[in-house]
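Subject: Structure handover

Dear colleague,

Please find the structure below. My notes on it come after.

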Amino acid sequence: MNTSLNNKIYLSYGNQAKKLVKEILAAVKPEQQLKKSDLIALKPNLINATPAEQGATTDPEIVAGVIEYFQLRGFNNLMIMEGSWVGANTTRAFQVCGYQKLADHYQLPLFNLQQDSYQKIKIADYEMEIASTALKADYIINFPVLKGHCQTKITCALKNMKGCISNREKRKFHQQGLHAPIAYLNKVLKQDLIIVDGIYGDLDFEEGGNPVQMNRILLGNDPVLIDSYAARLLGYQPAEIKYITLAAKLGVGSNRLEQAEVIELNQDHQSTQLRADGKIKNLAAKVKAGSACSACYGSLIHALKRIDQQGKLDQLRKPIKIGQDYQKQQLAGLGIGSCCSKAEKFVPGCPPSAGDILEFLQAELVN
Ligand code: SF4
């Protein structure tokens, strides 16, 4: 583990994936922890065969940026590995999601972990079949997608390691309710660096379909801390996600978000292409947006989704405004972000997290 990162989370905003990730890596310099001969495993989230813009899978441009960064510095022992979920074919996902092309272009081996050999590893009451390829890596870089999940509420760094077990084990994980096995898997199989694709992530479903543009990449080396932060970004408290608490108890990492040092490398004030279809339409109907940044608007949509899940969307009666067009304007109703600081009431931040927006809006619900 790169101990120099410790409680730090690096954050970069924007949608130019390759450029952003190279800038973060240049700030962090993870190669200083490595020997040139180390086997570096790149583990994206290719749950199914859908392109990254649909919100389920890791943008291959992020992985391309990491490959270029390491190859330029003389690290040539890299591989890509993934096992899609039980219902999907990983080889097809490699093709559709752009990873076969990536492997060919940079001349890296591509390992389908659905077809790997497995080692049985026992921890507490669990015996897990973990892919031998993942176990032999010296350094695992995990590339989860920041997204909602129908069973566990969120999925990010800890849960993405599930791609490194056999299909039989994945079925067992679901029978056991996911939370405890995910925590134990992370006790056994350590990730060394986490680069979160937060450019597009799904609103509430791990297989995508309702992408929310959040325009950010996060980097850290503590999966519990990263997931705690991701929970806030999606409008949850870390304690609401059982596997985060369990992993912290097992010593996988820290869920003490108040001790995290979040380092923002830039700001991104490009306004978003507002989506108002699918499940997002109902939520977007509550909002008046004028040149809102994707990171800000995405956070608001996640916060509204949490209120919707509580069945309380109708209790939000005041107009909600967001975006740069409202700067310095006196506004009736509720403002989101520092651009709307002249609203009747506003939540500060540029952008505010979904968690902060949620707390702000919850205080405005009427019975
Ligand atoms: S507060 Fe304004 S400038 Fe900042 S992220 Fe939101 S919309 Fe963009």
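The notes cover the sheet, one of its strands and the ligand site.

This is a predicted model, in which local features need pLDDT of at least 70 and side-chain atom pairs count only at pLDDT 80 or more, while totals for chains, interfaces and linings use all residues. Residues are numbered from 1 along each chain as its sequence is written, and side-chain values use heavy atoms, without hydrogens and water.

An open, mixed sheet is formed by 8 strands in the order E4-E3-E2-E7-E10-E11-E1-E12. Strands are DSSP runs of E with at least two residues, helices runs of H or I with at least four, both numbered from the N terminus; two strands pair if DSSP finds at least two bridges between them. Strand E4 (110–112) and strand E12 (261–264) each have a single partner strand, so one side of each lacks a neighbour in the sheet.

E2 pairs in the parallel sense with E3 over 3 bridges, where Leu42 has Ile80 as its bridge partner. The chain gets from E2 to E3 through H2. On the other pairing, E2 and E7 run parallel and are joined by 5 bridges, with Ala41 opposite Ile140.

Around the ligand (a heavy atom within 4 Å) are residues including His269, Cys293, Cys296 and Cys339.

Regards

Conventions: Right-handed = clockwise from strand over helix to strand, strands pointing away.
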